[in-house]
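Student: Could you walk me through this fold, please? I would like to go strand by strand and then look at the core.

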Amino acid sequence: MQMTMRWFGPVEDKIPLEHIRQVPGVEGVVGALYDVSVGDVWPKDKIKALADQVHGAGLKMEVIESVNIHDDIKLGVASRDQYIENYKQTIRHLAEISIKVICYNFMPVFDWMKTDMNYVLPDGSLTMAFEKKDIDKSLDEVVKEVLENSNGFALPGWEPERLAKVQELFAKYKDVDDEKLRENLVYFLKAVIPVCEEVGIKMAIHPDDPPYSIFGLPRIIKNRDDLDWLCNAVDSEANGITLCTGSIAEEPANDVYDILAEFTRRKRIHFAHVRNIKIIKDKDFYESAHLSPYGSLDMFKVMKALHDNGFDGYIRPDHGRFIWGETGRPGYGLYDRALGANYLLGLWEALEKQR
Ligand SMILES: [Mn+2]
């Protein structure tokens with residue numbers, strides 16, 4: 001198991017690599033290029049420059065989050081073939097710089113959705129929350145609120161230039177239902193997985209966040225059966241999963257521990273996002289501190305499901321709250337993610353020593 005933290009690069013992230021290096025037990029960062037348009041080939045020299053910088057700080061970079069999928073691939077229009085060729089080239093470039101895992105998602109329009117970016121907890125810390133009443137507003141209103149409450153930081157998957165045309169994007173997806181989206185994902189995977197096998201990279205799909213339809217958009221990676229379908233659609237270890245405990249748990253009917261155990265056993269979980277969420281009522285929730293008593297998930301059971309089934313992939317504490325006066329990109333402060341990483345490492349050490 002390799003503990004990592006996400007890092008948004010020298011321009012986008014105000015947290016220095018040197019600080020991440022000082023978090024005990026964190027061996028690497030999960031990186032990405034943020035100055036390449038979605039759909040374009042990632043130039044090898046830019047990937048190498050990023051990797052060199054990370055390595056220079058004494059950290060590894062073996063996971064990319066994310067190489068985003070162009071909408072034309074999700075929509076299944078003719079121009080997708082060129083974008084898929086570009087994606088294959090990016091995979092080859094990443095492999096040459098020793099990348100092992102590519103996290104991606106196949107969600108139309110939004111990579112994730114929260115309704116409150118500065119939800120205040122009883123201890124005064126700030127976190128992200130999702131409340132259904134706030135999503136029943138108009139689409140434009142919801143998008144505007146999220147973008148305005150990002151503390152001035154670009155939000156991953158919420159590129160303002162893309163979301164400025166959100167109504168246009170929605171119109172394009174009007175004829176894409178779950179079935180069509182599944183076909184388009186399989187078309188993409190059948191093209192890229194052979195390249196991954198050849199160069200030794202694993203794809204790892206992030207589940208839908210939240211794992212149910214919002215604004216009438218199709219959703220296909222929501223639960224155990226969807227993950228089973230994905231694994232069978234292209235039966236290769238290179239066709240894997242980023243298991244995000246928070247996203248999966250946002251649907252209370254999902255059994256997070258069983259899902260973790262099954263897909264770890266099946267060797268398909270290459271990357272784990274481990275965070276806790278607190279269900280407020282029905283499907284409303286906020287992202288809590290990582291410790292079990294603060295959320296609705298039992299984090300010992302989460303780590304045990306990974307550990308006891310032979311997990312040897314990458315893990316990161318996913319999001320954190322803002323504490324000790326820190327501000328920045330919502331979910332990605334240093335302090336609470338560092339606390340989360342160390343709590344998870346503590347649970348792991350106990351599991352290892354009890355073996
Ligand atoms: Mn996640």
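Tutor: Happy to! Two strands pair if DSSP finds at least two bridges between them; helices (H or I, at least four residues) and strands (E, at least two) are DSSP runs, numbered from the N terminus. This is a predicted model, where local features need pLDDT of at least 70, side-chain atom pairs count only at pLDDT 80 or more, and totals for chains, interfaces and linings use all residues. Residues are numbered from 1 along each chain as its sequence is written.

Student: Which residue in β9 is the bridge partner of T242?

Tutor: Strand β8 (residues 239–244) runs parallel to β9, and four bridges join the two. T242 has its bridge partner in β9, namely F271.

Student: Which residue in β12 stands opposite A272?

Tutor: β9 also pairs with strand β12 (residues 314–316), in the parallel sense over three bridges. There, A272 faces I315.

Student: Which strands stand at the edges of the open sheet?

Tutor: The sheet has four strands in the order β5-β6-β11-β10, with antiparallel pairing. Two of them have a single partner strand each, so one side of each is left without a neighbour in the sheet: these are β5 (116–120) and β10 (277–281).

Student: Which residues have the most contacts inside the largest nonpolar core?

Tutor: A nonpolar core is a set of buried Ala, Val, Leu, Ile, Met, Phe, Trp, Tyr and Cys residues joined through C-beta atoms within 7 Å. Buried means that 20 or more other C-beta atoms, placed from the backbone, lie within 10 Å of a residue's own. The largest core holds 92 residues, and those with the most contacts inside it are I102, V192 and M203.

Definitions and conventions:
Buried ≥ 20, exposed ≤ 12 C-beta atoms within 10 Å, placed from the backbone.
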